Amino acid sequence: MPYVYRSSRAPSARHRGGGRNKKQQRNKNRGAGQYIDPRRFVQVATAANEEAYNAKHSFSDFPFAKILQDNLTSKGYETPSPIQDQAIPAAIAGRDVIGIASTGTGKTAAFALPILQRLITEPKSAALIVAPTRELAQQIEQECKELAKGSGLFGALLIGGSSMGAQLRDLRDKPRIVIGTPGRIKDHLQRGTLKLHNFNTVVLDEVDRMLDMGFVHDVTEILKHASSDRQSFFFSATMDNRVRGLIEAFTSDPVSIAIKASATSDSVHQDVLEFQNSSDKIDKLHDLLIKNEVSKVIVFNETQRNVERLHRDLNDRGFKTEAIHGGKTQGQRQKALSRFKNNQVPILVATDVAARGLDVSDITHVVNYSIPKTYDDYIHRVGRAGRAGQIGYAFTFVPQQ
Ligand code: AMP
């Protein structure tokens, strides 16, 4: 393909004309988009199965309390995933851990299990887990709840868009695990309703995304409140200088574990869909969505407004869709997501931020209705499909030249 596309511009804005400056202005805090050669959106799937990995440990090798082992069994976890196999021994030895791994690798249990073990054996210890989005924080809470079932441990979920009253009540009970998003955690710290000096384990999940979302100051401030004698876990899907800078400032002699990032997109058949104008674009999306094999699909679009508009347009065309973006209330986002997860609607229209880290395992297709801002974002989007040993499909809309 003989052209290079500037990814920070939505094609629809381009066709309306004059979109560049406003868009670039809006992106000022995130940094301008990257040039991505559209050829990078074309790739034949090479592996339906994730590379075979021989775990060095079984869960029974780890010195976990019986209750944790029982909960692992009832969750059906038989063998540690690569990140668990490598991170858990280091964590149990008290080391700081840096995991370069994205959602879908089992990273949540990789930090949750050693943390729960520590909370069970050290009654004065407490753990703070910070995640960039409400959805991810909720997923982590759910996993922790299931793994800790019957242990008597309890936590508080501190996320925006949900009742302050309930959070204040939970905090008064002195939870041993606090899970939340940076804004709301900082809010509680400022009100004095959360004190972190006893928190001797800290997890930052999806560090790259937190930095993308402009949380660097909040996160830095939060970490300063935690106990200085602490164990830290930092997880990020990607590693760049910003991520490295933050990690280096807040870890000591960490063990780094990288789970091959490209593995997720290797099992996804990737192609472009060229469009001439906005009506041709939606027609082409329509043609794709009516295909039989498109049974569960995320359509990524840029900006809350564009997500809403596309959601409405698709509904007008008779498709059953849900939409998630940062402008929806927490309740609305949760409802949309569970309807998609439970197969009540086959199509989810989403912004990157809302969809990042979602654990929905049976997505067949990812559609990039807008081109992602960076190639990392692209890999993240595409990695939603083709999981659990299945070939997935990803289509990226690019303007015809
Ligand atoms: P995560 O990357 O933590 O979001 O996990 C992705 C999915 O893998 C979740 O649905 C987990 O419940 C599941 N999972 C995590 N660890 C294991 C394991 N050892 N065996 C089977 N499934 C797992």
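Begin by selecting the seven strands that form an open sheet in the order β5-β6-β4-β7-β8-β3-β9, with parallel pairing. Strands here are DSSP runs of E of at least two residues, helices are runs of H or I of at least four, and both are numbered from the N terminus. Two strands count as paired if DSSP finds at least two bridges between them. At the edges lie β5 (155-158) and β9 (255-258), each of which pairs on one side only. Direction ignored, neighbouring strands of this sheet are turned by 10° against each other on average; the axes are lines fitted to C-alpha atoms, and angles run from 0 to 180 degrees between N-to-C directions.

This is a predicted model, in which local features need pLDDT of at least 70 and side-chain atom pairs count only at pLDDT 80 or more, whereas totals for chains, interfaces and linings use all residues. Residues are numbered from 1 along each chain as its sequence is written, and side-chain values use heavy atoms, with hydrogens and water left out.

Next, select β5 together with β6 (residues 177-180): four bridges pair them in the parallel sense. Here L157 stands opposite I179 of β6.

Move on to β4 (residues 126-130), where five of the five residues are buried, meaning under 20% relative accessible area with a 1.4 Å probe, protein chains only. A126, L128 and V130 point one way from this strand, and A127 and I129 point the other way. In a regular strand, side chains alternate between the two faces of the sheet. Four bridges join β4 to β6 in parallel, with L128 opposite V178. Five bridges pair β4 in the parallel sense with β7 (residues 199-204), where V203 is the bridge partner of I129.

Now select helix α15 (residues 330-341). Its 12 residues reach 16 Å from first C-alpha to last, close to the 16 Å expected at 1.5 Å a residue, the expected span being 1.5 Å times one less than the number of residues. Q330, R333, A336, L337 and F340 are buried in α15. Seen down the axis, these buried residues fall within an arc of 135°, so they line one face of the helix; the arc is that of the directions from the helix axis to the C-beta atoms. Their cover includes α6 (134-148), β11 (297-300), β12 (321-324) and β13 (347-350). Just after α15, N343 takes a positive phi of about 65°.

Finally, colour the chain by pLDDT, the predictor's confidence in each residue, from 0 to 100. The chain mean is 86, and 87% of residues reach 70 or more. Over residues 1-31, pLDDT stays under 50. Where pLDDT is low, the predicted coordinates should not be read in detail.

Conventions. Buried means under 20% relative accessible area, exposed over 50%, partly exposed in between (1.4 Å probe, protein chains only). Contact means heavy atoms within 4.5 Å.
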